[in-house]
Amino acid sequence: MPIHHETVLPSGLRVIHEMSSSPVVYCGYVVMAGTRHEDPADAGMAHFIEHMSFKGTERRRACHIANGLERVGGDLNAFTNKQETVYYATVLRPDFARAVDLLTDIVFHSTYPQHEIDREVEVICDEIESYRDAPAELIFDEFEAMLFDGHPLGRDILGEAGRLRSYTTADAHRFAKKFYHPANTVFYVYGDLPFGRIVRCLEKYHSTPVPATGPQICTAAGNTPPPALRPGTTRIVEKGTHQAHVLIGGPAYGGHDRRRFALLLLNNLLGGPGMNSRLNITLREKAGLVYSVDSSLSTYPDTGWWTVYFGCDTHDTDRCLRLIHRELHRLAATPLTTAQLAAAQKQLTGQIGIACDNSESYSLALGKTFAHYGVWRDVEGLCGCLAALTPEEVQAAAAEIYAPERLTTLIYR
């Protein structure tokens, strides 16, 4: 069993640590400030703040931040999604204190200088435009906007160029003051370090409290408003693309619903990364209609959504959709045999075990799981839940989630 530690600093910062045998340390801050926490007037602000946090602090200029870890061979990065913003670092064990110093500075002491905002906002606008030129990526955002119509979960993470260009230093400070305080944050460490050293290091850089001016965002407690799902529609968008890009899917179980384990197995069986997924065999190997087809599952604490994506010649779209509907119906109407279930369980648990060998991804999942659910990422427990599934549980999940009236379809052509 992995060795775990956790504590809460006087500032309210939650700290978690899992031991590893590697000389490399993975650490970072998970700030509970994602797209779903923005006010409508602040659309895109969570991602905007992520960019601007690297542009200067009370102690460092942007060039000092850029060189802070790279000069010792380390790596500093960040990302924003619907649930949180994560700032993370990868360093060798002797440089851990350097990483904590730099991460703490950019998360809690950024100054968001206006001249840097004026420059960086154009970088973000270019990011928006490049994303719009990638239909295979853009279609997922539009699909989620259809499912969560009118809810912040349906809002574009990047925001809109016009609004972004209106943001000022004062706007950035207002947003950061509301969300960027220790009680709304988790610091995670995955590495071979004594926990006492980790705590002392964090206490040093949190000796001056950052006051909380907004409520702690605790999605694990279920106090966020339920999403306004809008399943059951079809939309065709004329994009003039060489091939059709298609998504079909719908709402799914949230992270607190135990039925998500059955859906996780179904998703992998239907269109997971294995070449033996049902949709890959049906659409590519047998029919030769697509280069690739895959299914995905996105889970939030209070809801979720699933999709099947494929690209094909425009005139093959309807045939591909018929074949997908046939596979969904098979899973919903006919329970897996004992042998089929056992094979699906073995394949998925093997994939999970291999994925855990990616230390950076593992550490990020460690931090995010604790931030949102207040529990450790229990890989053995997850595999145990998958192993305990019955054919009846899997079929029941398929019958509910894959019901025709719950399906939404979006086609770019």
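How many bridges join strand β2 to strand β6, and do the two strands run parallel or antiparallel? In this predicted model, β2 (residues 14-18) and β6 (residues 185-190) are parallel and are joined by five bridges; within this pairing, E18 of β2 has Y190 of β6 as its bridge partner.

Both strands belong to an open sheet of six strands, whose order is β1-β2-β6-β3-β5-β4 and whose pairing is mixed. The edges of the sheet are formed by β1 (4-8) and β4 (75-80), each of which pairs on one side only. On average, and with direction ignored, neighbouring strands are turned by 15 degrees against each other.

| Helix | Residues | Strands concerned | Angle |
|---|---|---|---|
| α1 | 45-52 | touches β4 and β5 (85-92) | about 165 degrees with β4 |
| α13 | 359-373 | lies across β1, β2, β3 (24-31), β4, β5 and β6 | about 145 degrees to β6 |

Helix α13 also takes part in the largest pocket, giving seven residues, the largest share of its lining. This pocket holds about 1,600 Å³ of space and is lined by 41 residues, among which L264, T299, A365, T369 and R377 lie nearest its centre. The elements that contribute two or more lining residues are α5 (135-147), α9 (260-271), β9 (293-299), α12 (338-355), α13 and α14 (379-387). Sorted by class, the lining consists of 19 nonpolar, 14 polar and eight charged residues.

Terms used:
Residues are numbered from 1 along each chain as its sequence is written. This is a predicted model: local features need pLDDT of at least 70, side-chain atom pairs count only at pLDDT 80 or more; totals for chains, interfaces and linings use all residues. Side-chain values use heavy atoms; hydrogens and water are left out. Two strands pair if DSSP finds at least two bridges between them. Helices (H or I, at least four residues) and strands (E, at least two) are DSSP runs, numbered from the N terminus. Axes are lines fitted to C-alpha atoms, for helices over the stretch in contact, and angles run from 0 to 180 degrees between N-to-C directions. Contact means heavy atoms within 4.5 Å. On a 1 Å grid over the protein atoms alone, a cavity is a set of points where a 1.4 Å probe fits but cannot get out, and a pocket is an open set with protein on both sides within 12 Å along at least five of seven lines; lining residues have an atom within 4 Å of a point. Grid points are joined across faces, edges and corners, and a volume is the space filled by probe spheres set on the points. Ala, Val, Leu, Ile, Met, Phe, Trp, Tyr, Cys and Pro count as nonpolar, Asp, Glu, Lys and Arg as charged, and the others, Gly among them, as polar.
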